Amino acid sequence: SLVDEKKISLLNKLKSSGIPLKEYVNGKIYRGVLTGLDKAFIIDKKTKDELILKNMNSAELIKPYLRGRDIKRYQVPNSDQFLIFIPKGWTNLNSGGKGDAWNWLKEKYTAIANHLSPYSDAAKKRYDKGEYWWELRACDYYAEFEKPKIMYLKFQVKPVFAFDESVIYPNSAIWIIPKNDLYLLGILNSKLGWFLISTFCTQIQNGYQLIFKYLGQIYIRTINFENPSDEAHHDKMVSLVSQILDLYEQQSQAKLPQQKTVLNRQIEATDRKIDELVYELYNLTEEEIKIVESGP
(Lines give C-alpha, C1' and ligand atoms only; values in the text may rest on other atoms or scores of the structure.)
Protein backbone atom coordinates (compact mmCIF):
# COMPACT_ATOMS: atom_id res chain seq x y z
CA SER A 1 0.00 0.00 0.00
CA LEU A 2 0.95 3.63 -0.38
CA VAL A 3 1.13 4.01 3.41
CA ASP A 4 3.59 1.11 3.69
CA GLU A 5 5.71 2.50 0.86
CA LYS A 6 5.93 5.86 2.63
CA LYS A 7 6.90 4.18 5.90
CA ILE A 8 9.60 2.12 4.19
CA SER A 9 10.93 5.27 2.54
CA LEU A 10 11.00 7.00 5.93
CA LEU A 11 12.83 4.07 7.56
CA ASN A 12 15.44 4.14 4.81
CA LYS A 13 15.94 7.84 5.43
CA LEU A 14 16.29 7.29 9.20
CA LYS A 15 18.77 4.49 8.55
CA SER A 16 20.95 6.80 6.46
CA SER A 17 20.98 9.38 9.28
CA GLY A 18 22.73 7.27 11.87
CA ILE A 19 23.81 3.87 13.13
CA PRO A 20 22.02 1.02 14.93
CA LEU A 21 21.74 1.43 18.69
CA LYS A 22 23.77 -1.76 19.25
CA GLU A 23 26.67 -0.13 17.41
CA TYR A 24 26.16 3.23 19.16
CA VAL A 25 26.52 1.56 22.60
CA ASN A 26 29.20 -0.92 21.48
CA GLY A 27 26.88 -3.84 22.25
CA LYS A 28 26.72 -2.88 25.93
CA ILE A 29 23.15 -3.24 27.18
CA TYR A 30 22.72 -5.28 30.34
CA ARG A 31 19.91 -7.01 32.21
CA GLY A 32 19.22 -6.36 35.89
CA VAL A 33 19.96 -8.75 38.75
CA LEU A 34 18.62 -12.30 38.96
CA THR A 35 18.65 -13.63 42.54
CA GLY A 36 16.79 -16.89 42.02
CA LEU A 37 15.21 -16.37 45.44
CA ASP A 38 13.92 -12.83 45.97
CA LYS A 39 12.32 -13.58 49.35
CA ALA A 40 15.77 -14.23 50.78
CA PHE A 41 17.86 -11.55 49.07
CA ILE A 42 15.38 -8.67 48.61
CA ILE A 43 14.53 -6.79 51.80
CA ASP A 44 12.59 -3.66 52.78
CA LYS A 45 13.97 -0.61 54.56
CA LYS A 46 12.83 -1.79 57.98
CA THR A 47 14.71 -5.07 57.60
CA LYS A 48 17.77 -3.28 56.24
CA ASP A 49 17.85 -0.93 59.23
CA GLU A 50 17.44 -3.84 61.65
CA LEU A 51 20.28 -5.80 60.06
CA ILE A 52 22.62 -2.81 60.26
CA LEU A 53 21.57 -2.06 63.83
CA LYS A 54 22.37 -5.64 64.86
CA ASN A 55 25.68 -5.70 62.97
CA MET A 56 27.24 -2.61 61.36
CA ASN A 57 29.11 -4.82 58.87
CA SER A 58 25.77 -5.61 57.26
CA ALA A 59 25.83 -2.24 55.48
CA GLU A 60 28.73 -3.47 53.31
CA LEU A 61 26.50 -6.13 51.74
CA ILE A 62 23.29 -4.15 51.18
CA LYS A 63 22.59 -2.20 47.97
CA PRO A 64 19.58 -0.10 46.92
CA TYR A 65 17.33 -2.21 44.69
CA LEU A 66 14.91 -1.23 41.95
CA ARG A 67 11.78 -3.01 40.72
CA GLY A 68 10.19 -2.52 37.32
CA ARG A 69 7.32 -0.51 38.82
CA ASP A 70 9.86 2.00 40.17
CA ILE A 71 11.00 3.11 36.70
CA LYS A 72 9.23 6.16 35.30
CA ARG A 73 9.98 8.20 32.19
CA TYR A 74 12.72 10.80 32.80
CA GLN A 75 12.28 10.52 36.59
CA VAL A 76 15.03 9.67 39.06
CA PRO A 77 14.37 6.09 40.17
CA ASN A 78 13.29 5.76 43.77
CA SER A 79 12.70 2.60 45.78
CA ASP A 80 12.35 1.41 49.37
CA GLN A 81 13.72 -2.05 48.52
CA PHE A 82 17.26 -3.34 49.05
CA LEU A 83 19.41 -6.22 47.82
CA ILE A 84 21.68 -8.41 49.93
CA PHE A 85 24.54 -8.43 47.48
CA ILE A 86 27.08 -11.25 47.79
CA PRO A 87 28.27 -12.12 44.27
CA LYS A 88 30.01 -15.29 43.19
CA GLY A 89 33.64 -15.33 44.30
CA TRP A 90 33.13 -12.72 47.04
CA THR A 91 33.27 -15.21 49.94
CA ASN A 92 36.56 -16.84 48.95
CA LEU A 93 38.09 -13.49 48.07
CA ASN A 94 37.24 -11.92 51.44
CA SER A 95 37.47 -14.87 53.81
CA GLY A 96 41.09 -15.56 52.98
CA GLY A 97 40.18 -19.06 51.83
CA LYS A 98 39.18 -20.26 55.28
CA GLY A 99 37.92 -23.83 55.32
CA ASP A 100 34.53 -23.17 56.89
CA ALA A 101 33.19 -20.29 54.84
CA TRP A 102 29.76 -20.29 56.46
CA ASN A 103 31.17 -19.94 59.98
CA TRP A 104 33.38 -17.11 58.74
CA LEU A 105 30.32 -15.36 57.30
CA LYS A 106 28.36 -15.88 60.53
CA GLU A 107 31.20 -14.46 62.58
CA LYS A 108 31.80 -11.34 60.50
CA TYR A 109 28.29 -10.70 59.11
CA THR A 110 26.19 -12.25 61.84
CA ALA A 111 22.90 -10.45 61.12
CA ILE A 112 23.06 -11.18 57.38
CA ALA A 113 23.87 -14.84 57.99
CA ASN A 114 21.01 -15.19 60.48
CA HIS A 115 18.63 -13.58 57.99
CA LEU A 116 19.67 -15.90 55.15
CA SER A 117 19.93 -19.11 57.18
CA PRO A 118 16.19 -20.06 57.03
CA TYR A 119 16.37 -19.95 53.22
CA SER A 120 19.43 -22.21 52.88
CA ASP A 121 17.60 -25.26 51.49
CA ALA A 122 15.77 -23.23 48.83
CA ALA A 123 18.91 -21.24 48.04
CA LYS A 124 20.92 -24.41 47.44
CA LYS A 125 18.42 -25.52 44.78
CA ARG A 126 18.77 -22.31 42.75
CA TYR A 127 20.24 -22.23 39.29
CA ASP A 128 21.19 -18.58 39.88
CA LYS A 129 23.79 -18.98 42.60
CA GLY A 130 27.52 -18.62 43.09
CA GLU A 131 30.11 -20.89 44.66
CA TYR A 132 28.09 -20.92 47.89
CA TRP A 133 24.33 -20.95 48.40
CA TRP A 134 24.37 -17.44 49.88
CA GLU A 135 26.07 -15.96 46.81
CA LEU A 136 24.44 -14.56 43.66
CA ARG A 137 25.33 -15.77 40.19
CA ALA A 138 28.51 -14.65 38.46
CA CYS A 139 28.18 -11.46 36.44
CA ASP A 140 30.94 -9.38 34.87
CA TYR A 141 28.97 -6.11 34.76
CA TYR A 142 27.75 -5.64 38.35
CA ALA A 143 30.03 -2.58 38.61
CA GLU A 144 27.99 -0.81 35.92
CA PHE A 145 25.05 -0.54 38.35
CA GLU A 146 27.16 1.84 40.45
CA LYS A 147 27.86 4.27 37.58
CA PRO A 148 25.74 6.73 35.55
CA LYS A 149 23.34 4.79 33.31
CA ILE A 150 20.16 4.87 31.26
CA MET A 151 17.57 2.45 32.64
CA TYR A 152 14.50 1.12 30.87
CA LEU A 153 11.72 -1.43 31.19
CA LYS A 154 11.92 -4.53 29.03
CA PHE A 155 8.14 -4.34 28.47
CA GLN A 156 6.75 -0.93 27.50
CA VAL A 157 3.41 0.49 26.41
CA LYS A 158 5.02 3.91 25.97
CA PRO A 159 8.61 5.21 26.18
CA VAL A 160 9.96 4.66 29.69
CA PHE A 161 13.65 5.53 29.83
CA ALA A 162 15.20 7.08 32.93
CA PHE A 163 18.64 8.36 33.88
CA ASP A 164 20.37 7.46 37.13
CA GLU A 165 23.74 8.48 38.55
CA SER A 166 23.48 6.70 41.90
CA VAL A 167 24.41 3.23 43.14
CA ILE A 168 21.29 1.16 42.49
CA TYR A 169 20.81 -2.44 41.42
CA PRO A 170 17.75 -3.10 39.21
CA ASN A 171 15.79 -6.33 38.95
CA SER A 172 15.62 -8.41 35.78
CA ALA A 173 12.58 -6.51 34.41
CA ILE A 174 14.92 -3.54 33.96
CA TRP A 175 17.81 -3.25 31.53
CA ILE A 176 20.56 -0.64 31.54
CA ILE A 177 22.63 1.18 28.96
CA PRO A 178 25.88 2.02 30.79
CA LYS A 179 26.31 5.46 29.26
CA ASN A 180 26.18 8.97 30.69
CA ASP A 181 24.38 10.18 27.59
CA LEU A 182 21.47 12.63 27.85
CA TYR A 183 21.46 13.03 24.07
CA LEU A 184 20.61 9.36 23.67
CA LEU A 185 18.05 9.55 26.47
CA GLY A 186 16.20 12.32 24.61
CA ILE A 187 16.01 10.30 21.39
CA LEU A 188 14.82 7.14 23.17
CA ASN A 189 12.03 9.01 24.99
CA SER A 190 10.92 10.95 21.91
CA LYS A 191 7.99 10.23 19.59
CA LEU A 192 10.43 9.25 16.87
CA GLY A 193 12.20 6.93 19.31
CA TRP A 194 8.88 5.22 20.04
CA PHE A 195 8.13 4.98 16.31
CA LEU A 196 11.40 3.11 15.84
CA ILE A 197 10.82 0.90 18.88
CA SER A 198 7.32 -0.01 17.69
CA THR A 199 8.73 -0.77 14.24
CA PHE A 200 11.54 -3.08 15.31
CA CYS A 201 10.47 -4.61 18.64
CA THR A 202 8.04 -7.48 19.18
CA GLN A 203 4.47 -6.45 19.93
CA ILE A 204 2.87 -7.93 23.04
CA GLN A 205 -0.66 -7.14 24.24
CA ASN A 206 -0.81 -3.31 24.26
CA GLY A 207 2.91 -2.70 24.13
CA TYR A 208 6.32 -3.95 23.01
CA GLN A 209 9.08 -6.20 24.27
CA LEU A 210 12.41 -4.39 24.09
CA ILE A 211 14.70 -7.38 23.60
CA PHE A 212 18.15 -6.09 22.70
CA LYS A 213 18.24 -8.22 19.54
CA TYR A 214 15.49 -5.94 18.16
CA LEU A 215 15.93 -2.73 20.17
CA GLY A 216 19.56 -2.71 19.05
CA GLN A 217 18.41 -2.20 15.46
CA ILE A 218 16.81 1.23 15.94
CA TYR A 219 18.67 4.09 14.28
CA ILE A 220 20.47 6.66 16.43
CA ARG A 221 21.40 9.91 14.72
CA THR A 222 25.17 10.25 14.90
CA ILE A 223 26.82 13.57 15.71
CA ASN A 224 29.84 14.94 13.91
CA PHE A 225 31.40 17.15 16.57
CA GLU A 226 33.60 18.79 13.95
CA ASN A 227 30.43 20.18 12.41
CA PRO A 228 29.32 23.29 14.39
CA SER A 229 25.65 22.74 13.46
CA ASP A 230 25.76 19.11 14.61
CA GLU A 231 27.49 20.04 17.86
CA ALA A 232 24.91 22.80 18.49
CA HIS A 233 22.05 20.30 18.00
CA HIS A 234 23.71 17.87 20.39
CA ASP A 235 24.26 20.54 23.05
CA LYS A 236 20.67 21.77 22.69
CA MET A 237 19.38 18.23 23.24
CA VAL A 238 21.52 17.79 26.35
CA SER A 239 20.24 21.14 27.64
CA LEU A 240 16.58 20.28 27.03
CA VAL A 241 16.88 16.83 28.61
CA SER A 242 18.67 18.35 31.61
CA GLN A 243 15.76 20.79 31.92
CA ILE A 244 13.11 18.09 31.81
CA LEU A 245 14.98 15.99 34.38
CA ASP A 246 15.10 19.03 36.67
CA LEU A 247 11.41 19.79 36.10
CA TYR A 248 10.40 16.25 37.03
CA GLU A 249 12.52 16.49 40.16
CA GLN A 250 10.81 19.77 41.10
CA GLN A 251 7.43 18.21 40.42
CA SER A 252 8.19 15.28 42.72
CA GLN A 253 8.92 17.71 45.55
CA ALA A 254 6.06 20.16 44.87
CA LYS A 255 3.45 20.36 47.63
CA LEU A 256 0.70 22.51 46.15
CA PRO A 257 -1.55 21.36 43.26
CA GLN A 258 -1.00 24.71 41.53
CA GLN A 259 2.78 24.18 41.58
CA LYS A 260 2.38 20.70 40.09
CA THR A 261 0.09 22.03 37.35
CA VAL A 262 2.57 24.73 36.34
CA LEU A 263 5.46 22.26 36.33
CA ASN A 264 3.43 19.76 34.31
CA ARG A 265 2.83 22.40 31.64
CA GLN A 266 6.55 23.17 31.55
CA ILE A 267 7.32 19.46 31.23
CA GLU A 268 4.90 19.09 28.32
CA ALA A 269 6.36 22.15 26.58
CA THR A 270 9.93 20.86 27.02
CA ASP A 271 8.87 17.43 25.80
CA ARG A 272 7.49 19.00 22.60
CA LYS A 273 10.76 20.87 22.08
CA ILE A 274 12.68 17.60 22.38
CA ASP A 275 10.40 15.94 19.81
CA GLU A 276 10.84 18.89 17.44
CA LEU A 277 14.61 18.79 17.87
CA VAL A 278 14.69 15.05 17.14
CA TYR A 279 12.69 15.62 13.94
CA GLU A 280 15.17 18.33 12.99
CA LEU A 281 18.13 16.04 13.75
CA TYR A 282 16.76 13.38 11.40
CA ASN A 283 15.72 16.08 8.89
CA LEU A 284 12.08 14.96 8.69
CA THR A 285 9.49 16.67 6.54
CA GLU A 286 5.98 17.56 7.76
CA GLU A 287 4.57 14.52 5.94
CA GLU A 288 7.16 12.24 7.56
CA ILE A 289 6.37 13.68 10.98
CA LYS A 290 2.69 12.80 10.40
CA ILE A 291 3.69 9.19 9.70
CA VAL A 292 5.67 9.07 12.96
CA GLU A 293 2.85 10.60 15.00
CA SER A 294 0.11 8.46 13.44
CA GLY A 295 1.29 5.56 15.58
CA PRO A 296 2.42 2.00 14.80
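Mentor: Let us start with helix 10, residues 191-200, which is mostly covered, since 8 of its 10 residues are buried. Here buried means under 20% relative accessible area, exposed means over 50%, and partly exposed lies in between, with a 1.4 Å probe and protein chains only. Helices (H or I, at least four residues) and strands (E, at least two) are DSSP runs, numbered from the N terminus. Before going further, keep in mind that this is a predicted model, in which local features need pLDDT of at least 70 and side-chain atom pairs count only at pLDDT 80 or more, while totals for chains, interfaces and linings use all residues. Residues are numbered from 1 along each chain as its sequence is written, and side-chain values use heavy atoms, with hydrogens and water left out.

The buried residues of helix 10 are Leu192, Gly193, Trp194, Phe195, Leu196, Ile197, Ser198 and Phe200. Two of them, Leu192 and Phe195, are also named in the largest nonpolar core, which has 54 residues, and together with Leu14, Leu184, Leu185, Ile218 and Met237 they touch the most other members. A nonpolar core is a set of buried Ala, Val, Leu, Ile, Met, Phe, Trp, Tyr and Cys residues joined through side-chain atoms within 4.5 Å. Apart from this core lies another, of 43 residues, among them Phe41, Leu116, Met151 and Ile174. In soluble globular proteins, nonpolar side chains tend to be buried together.

Phe195 itself, when residues up to four places away in sequence are not counted, touches Lys7, Leu10, Leu11, Leu14, Ile291 and Val292, where a contact means heavy atoms within 4.5 Å.

The side chains of Glu288 and Lys13 meet in a salt bridge of 2.8 Å, N to O, a salt bridge being a side-chain nitrogen of Lys or Arg within 4 Å of a carboxyl oxygen of Asp or Glu. Glu288 is buried, with a relative accessible area of 13%, whereas Lys13 is partly exposed, with 22%.

A second pair that links distant parts of the chain is Arg73, in the loop between strand 4 (62-66) and strand 5 (81-84), and Asp271, in helix 13 (residues 257-281), which are 198 residues apart. Their side chains meet in a salt bridge of 2.9 Å, N to O, and both Arg73 and Asp271 are buried. A search of the whole structure finds 14 salt bridges.

Seen as a whole, the protein has 14 helices and 13 strands, and buried residues make up 50% of its 296 residues. Among its contacts with a separation of 6 or more, 69% are between residues 24 or more positions apart.

Gln205 is exposed, with a relative accessible area of 79%, and its phi is near 50°, a positive value in a residue other than glycine. Most residues other than glycine have a negative phi.
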